[in-house]
Amino acid sequence: MYGLGIVKGMGVVLRHFIQSYVDDLKWAGKGGRYYNDEAFQVRQGPYGEGVKTVFYPEEKLSTPERFRFVPFLVTDDPPPGQRWGHDWCTSCGICAKVCPPQCIWIERGKQPNGRPKPEPEKFFIDIDLCMNCGYCAEFCPFDAIKMDHDYELASYDRSSAHIHDKERLSKPLSYWREIAPKKAEAEDLARQMAEAAKAKKKDKDGEAREERLAEAVSRQLYYQGLQY
Amino acid sequence: MTVASTEAANGDIPVPDEVANNVFITNIAKLLDPVYNWSRRNSIWPVTFGLACCAIEMICTASSRYDLARFGMEVFRATPRQADLMIISGTVTKKMVPTIVRLYNQMPEPRYVLSMGACASGGGPFKEGYNVVDGIDKFLPVDVYVPGCPPTPQALINGLIALQEKIDQQSIATAPWYNKKDETAGLYPVPVLGPDLVDLRQLDIIRQEAAKYQAEAVAADTEAEPAAVAG
Amino acid sequence: MSDTTLDQTAEIPETGVVQTPAQEATAKLKELHPNIVSDDTREGYEGLIVYADSIAEVARTLRDDLGFNYLSSVTGVDYIEEGKLEVVYHLYNISRGGGPVVLKAQVDRDAPVLPSLVPVFPGADYQEREAYDMYGFHFQGHPDLRRILTWDGFNGHPLRKDWKEAFYEEDYKPFGSRWPDGSVFRAEERNPYGKNVKYPPGWVPTGDEYDVETDVYLGLSYSRDATPGLKTDKVTVNLGPQHPSTHGVFRMVVTIDGETIVDLKPVMGYLHRNHEQIGERNTFNMNMPYTDRLDYLSSMSNNLGYAITVEKLFDLSVPERAEWIRILMVELTRICNHLWALGFLLNDLGALQTPMLYYYLERELILDFFEASAGSRMMCNFMRFGGVAYDLPDEVRGTPTMKFLEELIYNRLPRVLEQGDVLMTGNEIVKARAIGVGILSPEDAIAMSAAGPLLRASGVPYDVRRAEPYSYYEYLDFDVAVRYNGDIYDRYLIRIDEMRQSLRILEQVLPHLKRTTGAPVFGEKPQYALRAPRAGEAYGRVENPKGELGYYVTAKRRGGNPERYHVRAPSFINLTTLGPMSRGHKIADVVAILGSIDIVLGEVDR
């Protein structure tokens with residue numbers, strides 16, 4: 001019969017329409033469907049039915065641990081009374097070298113005698129170039145640069161707001177532990193293992209180079225069956 | 001209730017104490033602004049205008065999960081003449097930028113530009129390319145920048161909320177689109193494609209550079225030959 | 001084959017007698033044209049070097065006598081040290097499958113003239129135009145040799161090695177200015193114009209700049225048989241670059257007679273963002289996130305193609321679990337892409353938004369999975385040379401990963417396909433608009449180098465996953481979807497078929513993923529500065545959702561950067577069929593025909 005296909009299709013639309021109310025009823029006794037964390041979790045997961053709208057900004061989808069937005073630098077938690085903790089960055093420059101759009105600028109710190117110091121003097125990321133690829137975080141041997149989860153960066157002006165300097169980039173370790181707890185834990189473990197390996201090697205040939213440390217860290221992250 | 005004239009705008013007219021509780025001094029603009037801005041901010045219609053990767057996230061933002069209709073922005077108009085907002089969603093290339101400027105000029109005022117993603121804001125990862133414009137703000141006034149490559153739908157909505165906040169701060173009394181003396185004010189010159197992109201506002205600089213080069217060439221005439229033309 | 005243990009050594013042993021179709025044809029070709037073709041003897045290179053003037057003749061022999069009737073890729077290469085420009089042709093045998101016959105024609109850098117292959121393979125059209133645009137090859141006999149990605153009047157040929165762009169810093173990345181004494185700057189600060197522009201030295205604008213539009217219109221044919229009845233004027237209209245149904249910044253210049261299309265020319269380059277030029281400056285690693293932005297709807301597949309190509313060049317092997325994860329990702333991407341394509345195709349056919357919104361809800365779930373495993377919804381950057389970046393995550397949106405995948409693969413995705421069938425497939429309006437419109441015959445499809453669903457909907461069962469299997473596809477059980485009418489409706493149906501086959505593959509992949517839990521996903525320690533162990537070239541191709549995606553990469557020994565990095569973009573080459581398919585139809589059909597080709601501008605223009 002001509003037109004049957006259209007009628008059937010409308011049936012699908014009708015089912016969707018009804019389904020949203022069925023879902024409403026299901027949550028009616030459990031604190032309502034809207035602005036309810038539990039309902040929100042179910043609705044956004046693989047079993048969600050009905051209307052799946054995220055009421056941003058009131059509700060926000062959680063970001064997974066591996067989520068990557070613009071990078072930030074990890075520092076120690078600042079000691080009481082101080083604003084900044086110790087930088088983890090050693091200004092080895094690997095992030096600047098792997099960065100595909102070359103959006104990282106690092107000025108290596110100098111000791112008074114002119115020799116390089118394992119600390120960045122200045123660190124800039126131009127987030128107008130950054131492609132959020134995550135290479136810097138992936139290849140950093142010291143876990144010192146990480147991808148942030150804060151995506152709410154809209155601004156009215158880019159001339160000043162879009163080049164992040166060291167102050168803007170630095171965030172304490174506790175922040176990283178907060179946004180990616182499992183990943184941070186896995187990294188802690190890997191660092192401990194690397195530390196142990198380094199101590200062993202030191203006994204053997206008297207010298208443990210930082211490269212070896214880097215090697216161990218990245219190796220363990222992949223080899224120990226760690227998921228992060 | 002007294003309505004002061006628009007000139008005496010700022011409410012610093014002295015009011016005798018005995019009538020202070022009965023008098024409310026304001027002006028039309030102040031009364032109208034909330035209504036005016038409320039209606040404008042909740043019916044921002046964007047142009048259907050997708051450039052690159054970010055456009056996909058823009059479409060996702062407009063579709064059911066993030067649902068721009070909650071902000072009254074779901075009406076994507078295919079013609080610039082019915083639109084208020086242009087979301088520059090993706091890499092702006094030199095070949096495309098004349099079209100974008102032309103589209104912008106066709107939009108009725110008040111018009112807003114939201115630059116979505118790293119590419120539109122500053123060239124992004126493709127900035128070094130020979131066919132890429134390093135930021136649409138070189139050609140158009142941008143109201144809100146949304147960083148990210150690409151910004152997630154939630155980041156885009158965040159940018160749109162920032163735009164709403166900007167609209168809230170505007171006033172009907174000072175809005176430039178009502179007291180225009182010059183018809184062409186607010187229009188931007190459409191760039192031209194020559195051997196490279198030519199911004200018509202920069203013709204003087206281009207001529208100066210050419211003159212400088214000629215002078216150098218003359219100076220270096222005794223030597224072999226001027227620097228080879230690239231390509 | 002679900003529980004067969006995989007043993008990569010269990011391939012059919014190659015005896016000296018059995019030759020692949022490509023080897024056979026190569027030997028034959030040398031016999032037939034002894035003075036014209038010779039082996040490419042450079043280290044790490046393969047294929048035949050053909051005397052440039054005879055390339056058309058050799059191609060004709062290959063097509064007519066040896067069965068290599070599919071010209072896949074035309075690549076220009078600049079060998080500045082030898083003073084030569086080279087065109088590399090990859091030809092395939094559609095009926096027998098297998099590897100390519102590679103032809104190379106070398107010409108002088110100063111006078112790059114060679115015959116065009118368009119008379120033999122119409123599919124060479126846009127690729128030759130691209131080579132002309134980027135390198136300045138003059139293809140004699142090409143019907144419409146104009147710039148394609150840049151505009152007419154553009155200064156120079158940008159992919160030549162001695163061409164420098166405005167923001168040029170160094171030949172290769174990483175740039176020295178970033179570390180150890182990096183002082184931040186924006187590139188425009190160092191440009192006299194404050195913009196990414198550069199003019200020929202001494203160039204003065206006259207005001208009447210070259211009219212970039214004239215040639216576009218000249219290319220259109222106005223000739224049409226005088227039809228009886230009312231005489232109407234022919235009108236030329238532009239669809240795009242800003243048009244809601246061109247799927248991006250794509251432009252079609254259409255000559256219409258009344259409502260009927262007389263001729264159609266695609267104009268592209270509005271999203272040309274210099275992927276290849278940037279790719280030749282990048283290190284091998286750096287190109288991976290850039291490939292995400294080629295076909296930005298299916299970034300995982302692009303990653304895979306590039307990873308496979310570089311693994312060929314580097315002789316890397318991939319651990320088993322990584323291969324399964326790759327297939328999982330790629331097939332999910334295929335579903336993701338087809339859901340998107342169908343949504344838009346139906347949108348173009350008049351089913352405004354409803355099917356699209358239903359499809360995207362499921363797509364969002366796949367994106368959630370990508371976000372949890374790779375870190376980004378669209379730009380996954382997930383494959384690495386010799387593995388994948390991460391193992392699967394623990395959980396996705398609060399559900400354990402394997403559970404999430406099972407729910408998706410066994411329940412949700414089949415359900416959405418079924419629902420889509422009920423919603424749209426039987427719809428009379430869709431049928432009326434799609435059946436018999438935009439027909440592409442199998443002969444035309446092959447001749448015009450169409451690939452992917454477009455080719456298979458015309459009745460050519462050619463799928464790279466079967467014809468030249470990569471990864472573990474040879475161990476997987478699936479059918480190559482094929483439809484025989486070659487119209488819009490078949491191209492709609494074939495995408496549903498393909499999604500069903502993808503689900504079938506995914507069902508086979510899941511047990512392997514469970515079995516290999518905890519196994520490494522990376523062969524060797526990931527290095528940030530990879531260097532090519534050998535000089536030479538590699539061509540890798542994968543079956544992308546849009547069609548055959550190929551990468552041509554050459555490297556110098558110990559070089560950290562690809563010397564030539566070329567992408568054979570399926571969307572770009574599939575567009576060759578748009579004009580011939582649209583002729584004679586109404587203007588409203590063009591939009592639907594374009595939708596059924598399923599292009600993504602990031603890949604068309606690169």
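What share of the contacts in chain A with a separation of 6 or more comes from residues 24 or more positions apart? The share is 61%, where contact means heavy atoms within 4.5 Å. This is a predicted model, in which local features need pLDDT of at least 70 and side-chain atom pairs count only at pLDDT 80 or more, while totals for chains, interfaces and linings use all residues. Residues are numbered from 1 along each chain as its sequence is written, chains are lettered from A and ligands numbered from 1 in the order in which they are written, and side-chain values use heavy atoms, with hydrogens and water left out.

Chain A has 8 helices and 6 strands; helices (H or I, at least four residues) and strands (E, at least two) are DSSP runs, numbered from the N terminus. Along the sequence their pattern is α-α-β-α-β-β-α-β-β-α-β-α-α-α. Of the 228 residues in chain A, 49% are buried; buried means under 20% relative accessible area, exposed over 50%, and partly exposed in between, with a 1.4 Å probe and protein chains only. The accessible surface of chain A is about 11400 Å², and carbon and sulfur atoms hold 55% of that surface. Such areas come from the Shrake-Rupley method with a 1.4 Å probe, and for residues only the protein chains shown count as cover.

Helix 1 of chain A (residues 4-28) contains A:Leu14. Together with A:Phe17, A:Ile18, A:Tyr21 and A:Val22, A:Leu14 forms a nonpolar surface patch with about 510 Å² of accessible area. Patches are made of residues with over 30% relative accessible area and no salt bridge; like charges are joined within 9 Å, nonpolar side chains (Val, Leu, Ile, Met, Phe, Trp, Tyr) within 5 Å.

Chain B has 6 helices and 7 strands, in the order β-β-α-α-β-α-β-α-β-α-β-β-α from the N terminus. Buried residues are 52% of its 231 residues. In chain B, 73% of the contacts with a separation of 6 or more join residues 24 or more positions apart.

The size of an interface is often given as the accessible area lost when the parts come together. Chains A and B bury about 2500 Å² between them, 57% of it on carbon and sulfur atoms; buried area is the accessible area (1.4 Å probe) that two parts lose on being put together, summed over both. On the chain A side, A:Tyr56, A:Tyr156 and A:Arg158 lose the most area to chain B, together 29% of what that side buries. In this interface, 27 residues of chain A are in contact with 36 residues of chain B. The rule finds 1 salt bridge across the interface, a salt bridge being a side-chain nitrogen of Lys or Arg within 4 Å of a carboxyl oxygen of Asp or Glu. A:Arg158 and B:Asp137 meet in a salt bridge through their side chains, at 2.6 Å from N to O.

The largest nonpolar core has 237 residues, and C:Tyr89 and C:Leu103 have the most contacts inside it. Helix 8 of chain C (residues 320-348) gives the largest share of this core, 16 residues. A second, separate core of 67 residues includes A:Leu153, A:Ile179, B:Ile44 and B:Phe71. A nonpolar core is a set of buried Ala, Val, Leu, Ile, Met, Phe, Trp, Tyr and Cys residues joined through side-chain atoms within 4.5 Å.

Elsewhere in chain C, C:Ile597 lies in helix 18 (residues 587-597). C:Ile597 counts as buried because its relative accessibility is 1%. Beyond four places in sequence, its contacts include C:Leu454, C:Arg495 and C:Asn574.
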